[in-house]
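Student: Please walk me through this structure, one feature at a time. I would like to learn how to read each one.

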Amino acid sequence: MPAAGSSPVSHAINVSVLPQKGRDETIAADGAQLEQLAAAHGLLAADSFKATVHVRRWQRDGVRLTGRVSARVTQQCVVSLEPVAATVEAEIDAIYVPQGSALERRMEPGEGGDLIIDAEGPDLPEPFEPPMLDIGAVTEEFFALALDPYPRAPGVAPPSEKAVEPAEERENPFAALKALRQKGDG
């Protein structure tokens, strides 16, 4: 979990005073924050960033965040280097448990124990230092994961690799040497 304030969209809340039903939080980046987001993620520009998050208790001491982050950004095409406008949409679903709590210890494998992780299942809870949780940093993590790592401008094909001839059709490089040698003997 990033330190509070380290995210351009940092929004720390005190989770020790959450209402029984939880609460909704909205994060909307301003101009300076958008510039910082663009710089932090190698974007040409970030035009908008908005996250809506429902924060509620999980188990006794944990916190569950659910919601959605959406953004409009401009990335650079990996082939033509042209600007590429993109819309980023990501669902947020994360669980945080206090560092050193019984919940965190249950998530760690014991001595000689195996930790079984289901790749398709939910993520394991992550630790945080109570009472504050930076939900802005969490939304930024989901945003970063949803960015296209290889953006391409419309109509731009990936660079073509040289077509490799099948082994049967390739000329044996030693055959040419053999032919030269036989020609020299004759």
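This is a predicted model: local features need pLDDT of at least 70, side-chain atom pairs count only at pLDDT 80 or more; totals for chains, interfaces and linings use all residues.

Student: How many helices and strands does the protein have?

Tutor: There are four helices and seven strands. Read from the N terminus, the elements follow the pattern β-β-α-β-β-β-α-β-β-α-α.

Student: In what order do the strands of the open sheet lie?

Tutor: Two strands count as paired if DSSP finds at least two bridges between them. Here five strands form an open sheet in the order E2-E3-E4-E5-E6, and their pairing is mixed. E2 (23-28) and E6 (126-128) are the edge strands; each has a single partner, so one side of each lacks a neighbour in the sheet. Angles run from 0 to 180 degrees between N-to-C directions, using axes fitted as lines to C-alpha atoms, for helices over the stretch in contact. On average, neighbouring strands of this sheet are turned by 30° against each other, direction ignored.

Student: In which sense do E3 and E4 pair?

Tutor: E3 (residues 45-58) and E4 (residues 62-76) are antiparallel, with 13 bridges between them.

Student: What lies across E2 and E3?

Tutor: That is helix H1 (residues 31-40), running at about 95° to E3. Helix H3 (residues 135-146) also packs on the sheet, where contact means heavy atoms within 4.5 Å. H3 touches E2, E3, E4 and E5 (83-98), and its direction makes about 135° with that of E5.

Student: Which residues of H1 are buried?

Tutor: Buried means under 20% relative accessible area, exposed over 50%, and partly exposed in between (1.4 Å probe, protein chains only). An α-helix has 3.6 residues a turn, so residues three or four places apart point the same way. In H1 the buried residues are Leu34, Leu37 and Ala38. They cover an arc of only 100° around the axis, so they sit on the same side of H1; the arc is taken from the directions from the helix axis to the C-beta atoms. The buried residues of H1 pack against E3 and H3, while Glu35, Ala39 and Ala40 are exposed on the other side.

Student: Which residue caps the N-terminal end of H1?

Tutor: Asp30 does, with a side-chain oxygen 3.2 Å from the backbone nitrogen of Ala32. Just after H1, Gly42 takes a positive phi of about 65°.

Student: Which residues touch the most other members of the largest nonpolar core?

Tutor: In soluble globular proteins, nonpolar side chains tend to be buried together. A nonpolar core is a set of buried Ala, Val, Leu, Ile, Met, Phe, Trp, Tyr and Cys residues joined through side-chain atoms within 4.5 Å. The largest one here has 33 residues, and Phe49, Leu65, Val73 and Phe143 touch the most other members. H1, E3, E4, E5 and H3 each give two or more residues to this core, and E5 supplies the largest share, six residues. Leaving out residues up to four places away in sequence, Leu65 touches, among others, Val53, Ile92 and Val138.

Student: Is Ser7 buried or exposed?

Tutor: Ser7 is buried, at 7% relative accessibility, and belongs to the segment before E1 (12-14). A polar contact is a pair of N or O atoms within 3.5 Å; within protein, one must be able to donate a hydrogen and the other to accept it, and residues adjacent in sequence count only if both atoms are side-chain atoms. The side chains of Ser7 and Glu140 make such a contact at 2.4 Å.

Key
Residues are numbered from 1 along each chain as its sequence is written. Side-chain values use heavy atoms; hydrogens and water are left out.
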